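Subject: Structure for your files

Hello,

Here is the structure for your review. My notes on it follow below.

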Amino acid sequence: MKRIGIDVGGTNTDAVLIADEKVVHSVKCPTTADVTSGILDALRTLRANPLAAVPVDAVVIGTTHFINAVVQRRSLQKVAAIRIGMPASASLPPFCDWPADLAALVSGDVFMLEGGHDYDGRPFMPLDIAGLKAAARKIRDKGLRSVAVCSSFSPLDPSCETAARDILAEICPEAAVTLSHDLGRIGLLERENAALLNAALNDLAVTTVAAFRRAIADSGIDAPLFLTQNDGTVMQAEIATAFPVMSFASGATNSMRGAAHLSGLHDAMVVDVGGTTSDIGQLRHGFPREANAVVEVGGVRTLFRMPDLLSIGLGGGSHVEQEPVRVGPLSVGYRLTSEALVFGGTRLTATDIAVAAGLLDVGDRSRVASVPKSLINAALADAQRKLEEDIDRMKTESGDVPLLAVGGGAFLVPNRLPGISEIVRVPHGDCANAVGAAIAQVSGEADQVFRDLSREDAIAAARRIAEDRAVQAGAERGSLTMVDVEDMPIAYLPGNALRVRVRVAGAIANPDVDAAA
Amino acid sequence: MSEPELTTIGLDDIEALAVGAWILGTGGGGSPYLGLLNLRRLYAEGHRVQLMSPHDLGDDDWVAVVSNMGAPLVGQERLADSRNIARAVRMQEEINNIKFRAVMSVEIGGGNGVQALMAAVHLGIPVVDADCMGRAFPEAQMTSVAIGGLRPYPCTLYDPRGIEAVVTKVPSWKWMERASRKICVEMGSIASTSKAPRTGREVKDWAIHFTTTKAIRIGRAVQEAHRRHEDPIAALLESEGGKKLFTGKIVDVARRTTEGFLRGSALVEGSDADRGDRLKLSFQNEWVVAWRGEEPIVMAPDLICVLDSVNGHGVGTETVRYGQRVTVVALPAPDVLTSPRGLEFVGPRAFGYDLEFRSVFSPR
């Protein structure tokens, strides 16, 4: 199995070729404004190496393009919101907790209709079919091209949302439709927000994925395209086009997954030290531990499956202040190669300290010869103290665990830290994110309330649902393993109600085998 | 009698109230976030809520006691709507042929801490600065008015589909809990309720006073300390005369459902001054007992608050998770709860722990 992994970051676009789970070649190219030409450059540079100019089975891209669009309020489109579940929740309509500027940009129209379900699967109210048809006609007449549909308890019973999709397909077939149960869990407002953001990114997703395809085709590669999602697994490009929000946090996830792969460790802490920030996370069974709580994206509350990450202002480009001695949080960022002392600049950075201390060999070492030893030691101690505190904050067990240090600024991580059994550094660690993209798996998840079932039976039922979803998303059934399971009894509900969340992941299915089956 | 002095509650007071109510929820009562969203929108439309001292009530005034009853999970799909709680209060006026002078929450802790304000907007009457728990508790009979032996009926329940129910008469508060819980489950495990109306005299004698301003004060202390990059928990303790009991990290959470409640325990591994030590927290919807080894170091009705060590906000029993950095503190319970009769209703034995209540604040 040969795969190319690409990470499109804010500064660099990295590409790697993996053959039989090993890195054959890796390259770094500057990210370009149009994204596509940066990918094309990276692919051309990669393929210039004869070892990497071989046929590949898949290209996997990780990108922060969609989350940046939301954060920077650009390339978003108007959305019609359809909420089903009236007369409940009427005082908190769609967009009610959005930042005003973003709501003004995205809100095209809002429809609130009767229907939906209760926690036990009973219909809440009969679905207002006539109201749905009227809404669809208004959407068509206003020329809105993207619709988000959210119905109460749709993760338990999506039938109201699918009925709405069918009506929309009939009356305004050119509108793209996002159904909230495809994206989220229990939590109407957060799930609706995810659907609205997704719908607002529809046009951008279509053009971006088409551009990715073009870059790959232009580079002469003939292989299916996958995009990585927040949880470190992949989706087929067609699905990614429909669900751009699922790739929001893929950059950080990929570097953690890549670190796991390069080191062979599946349970460890990971620190990815970049130019400006360090991201600290935890690997469990080879996947990042997810944030449990509400995650805000561009000021909007969501329940996305995002890795639980702590970002601190410490990186290779961090400014070093002298009184008192402090590293970061300001950074020279992408200007490192012109502003750092060793590169002929005038700003003392963490990179200069590392060169002076002999931890790193870049630039002109003689330019940091006059940096006093006491300053070097104090700066390194400050960086160590910051890492130590925050790595300990992210640890979830008390014993010593290994720490994987990756990223271009990993030299700032000392060789010993309290609470850490060993510091692991790996070859190609600076391209861990692209490696993570290349080795990503396919996953499926179920999150439902079960009643009158034993705990074991409820988990087994959830697992079957998750496995079916993974296979639908392109996984090979035989390779699926359970990567996460969580069950929680629900207070006050009768019938031993149990909420079960199960996630499975497995290898990308070989398309030929699928065709034969 | 002169007109009582009313204070207008500002939006910043409500933001602080939401933080303080969540802390006073002692792990239960559901998050006040959706209620806060309702009030933000109502305030943006120009509505304002007035706050009234319980001392300013006339003996014969009627006071509505409101509560949003049900499972917090259902509340995440059927979102709090201020008009529903107001309708439950109107039902009490209709069946009893009375007019309410003011409204109060049955519990200041958790999401119910803002329900009285939501009702007040539509009813056009002030909120009484008081409640019946001074915190959150899981059951209807765990209130100061039950401890006072006041009449438990009638109770109105409202579902926005147009379902209106009344529990007309019951022999005890325990029966009120059982009968109203059944109706609530049929309504989808969520209902807007208005408990037995109280007279001004009853509120003066048996309600727990000044808990709305207490919740606002707590929220403000925490928010301001956090904003100034100072320790929010130290600010809370100083403001309320609380005690810091333990600091550490959650290392285990075990949950189970028994008799319709969320029970279980969370284990905190000590850090800083408590390094090497462990604290076990038992909960039934709310935090009930904290144990150091076999020894209970604090128990209900003392308020056991598990707080996020960084921002000082409350940590709920439904959402507490591995790895959270928490500080466990105790706040003093209202006197009525720690009286001998009060302990029959809300002492450790009411939660199934055969322990003699000893307050962490009583002199050794």
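A disulfide is counted here as a pair of cysteine sulfur atoms within 2.5 Å. The model is a predicted one, in which local features need pLDDT of at least 70 and side-chain atom pairs count only at pLDDT 80 or more, while totals for chains, interfaces and linings use all residues. Residues are numbered from 1 along each chain as its sequence is written, chains are lettered from A and ligands numbered from 1 in the order in which they are written, and side-chain values use heavy atoms, with hydrogens and water left out.

Cysteines

B:C155 is buried, at 1% relative accessibility (buried means under 20% relative accessible area, exposed over 50%, and partly exposed in between, with a 1.4 Å probe and protein chains only). The sulfur of B:C305 has its closest cysteine sulfur in B:C132, at 19 Å, again too far for a bond. B:C305 is likewise buried, at 1% relative accessibility.

Helix pair in chain B

Helices are DSSP runs of H or I with at least four residues, numbered from the N terminus. Helix α9 (residues 211-227) of chain B packs against helix α10 (residues 232-240) of chain B at an angle of about 145°, and their axes are 8 Å apart. The axes are lines fitted to C-alpha atoms over the stretch in contact, and the angles run from 0 to 180 degrees between N-to-C directions. Contact means heavy atoms within 4.5 Å. On the α9(B) side the contact includes B:K214, B:R217 and B:I218, and on the α10(B) side it includes B:P232, B:A235 and B:L236. The contact residues divide into seven nonpolar, two polar and three charged (Ala, Val, Leu, Ile, Met, Phe, Trp, Tyr, Cys and Pro count as nonpolar, Asp, Glu, Lys and Arg as charged, and the others, Gly among them, as polar).

Two residues in chain A

A:H65 lies in helix α2 (residues 65-71) of chain A and is buried at 16% relative accessibility. Beyond its neighbours within four places in sequence, A:H65 contacts A:V35, A:R74, A:L204 and A:T208.

A:T162 belongs to helix α5 (residues 159-171) of chain A and is partly exposed, at 22% relative accessibility. Not counting residues up to four places away in sequence, A:T162 touches A:L179 and A:H181.

Regards
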